[in-house]
Amino acid sequence: MTNSATEPDEAEGYKSGLPGPLGFVDLVIAKIEAVMLAAGVLLMALNTCINVIARFVFGEGLFFSGEINRILIILITFAGLGYAARHGRHIRMSAIYDTLPTTARKVLMVVIALFTAAVMFFLCYYSVEYIQNLYSRGRVLPALGLPIWIIYLWVPVGFAITGIQYVLTAIKNLMARDVYLSTSVLDGYADTESEV
């Protein structure tokens with residue numbers, strides 16, 4: 001089920017709804033997210049399959065498999081934040097919003113996007129502080145021996161990318177006549193019901 005009848009076809013590739021340099025920034029971030037998500041999911045599947053095979057063939061799994069999956073889950077989660085914002089797939093509580101006229105919805109969408117961006121940048125700031133705290137403690141992962149702070153680097157990156165995406169959504173709504181959930185997803189609902 002999609003959020004909008006005008007969502008771009010993902011098979012064709014992402015096309016930014018912003019002009020000029022903003023569109024270029026949006027496309028670059030979209031490509032980075034796509035690589036992070038695809039690599040993360042594929043590596044997690046590969047790691048899990050190899051661990052299962054090792055457990056059944058050799059009677060013992062890979063001792064570092066759990067830590068690698070932990071790293072990849074963090075990567076996928078925080079790369080997925082920006083992806084969800086970019087494709088308008090975030091949760092919406094829209095009972096009041098849907099009853100408003102178009103102009104009021106547009107103003108509310110700009111406010112929502114800017115507020116959400118501010119929250120994402122706030123969380124990015126505090127995640128950097130958290131990483132600095134972990135760095136000062138010098139803790140390492142027991143199996144891999146990597147410093148723990150390294151695995152959390154994806155957190156501020158994900159929050160920053162998501163914050164940028166919401167700022168771009170606010171800009172898109174200020175520039176366009178219609179109301180947009182993201183830079184390329186027009187507000188509305190697809191008709192998903194079919195007669196039997």
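Predicted model: local features only at pLDDT ≥ 70, side-chain atom pairs only at ≥ 80, totals over all residues.
I started with Ala79, which counts as buried because its relative accessibility is 4% (buried means under 20% relative accessible area, exposed over 50%, partly exposed in between, with a 1.4 Å probe and protein chains only). Residues are numbered from 1 along each chain as its sequence is written, and side-chain values use heavy atoms, with hydrogens and water left out.

Ala79 sits in helix α2 (helices are DSSP runs of H or I with at least four residues, strands are E runs of at least two, numbered from the N terminus). Which residues does Ala79 touch, not counting those up to four places away in sequence? I found Glu33, Met36 and Leu37, where contact means heavy atoms within 4.5 Å. Met36 is 43 residues from Ala79 in sequence, yet their C-alphas are 6.6 Å apart.

Next I looked at α1, residues 20–58. Its 39 residues reach 56 Å from first C-alpha to last, close to the 57 Å expected at 1.5 Å a residue (the expected span is 1.5 Å times one less than the number of residues). Glu33, Met36 and Leu37 are among the buried residues of α1, as are Gly23 and Ala54. What covers them includes α2 and α6. After α1 comes Gly59, with a positive phi near 80°.

Of its 13 residues, Ile74, Ile151, Tyr152, Val155 and Phe159 touch the most other members. Elements giving two or more residues are α2 (65–86), α4, α5 (148–151) and α6. The largest share, four residues, comes from α4. Leaving aside neighbours within four places in sequence, I listed Phe78, Leu81, Met120, Leu123, Cys124 and Ser127 as contacts of Phe159.

Last, the second largest pocket, which holds about 200 Å³ of space. On a 1 Å grid over the protein atoms alone, a pocket is an open set of points where a 1.4 Å probe fits, with protein on both sides within 12 Å along at least five of seven lines, and lining residues have an atom within 4 Å of a point. Points are joined across faces, edges and corners, and the volume is the space filled by probe spheres set on them. Of the 14 lining residues, His90, Ile91, Arg92, Met109 and Ile112 are closest to the centre. The largest share of the lining, five residues, is from α4.

Key: Core = buried A, V, L, I, M, F, W, Y, C linked by side-chain atoms within 4.5 Å.
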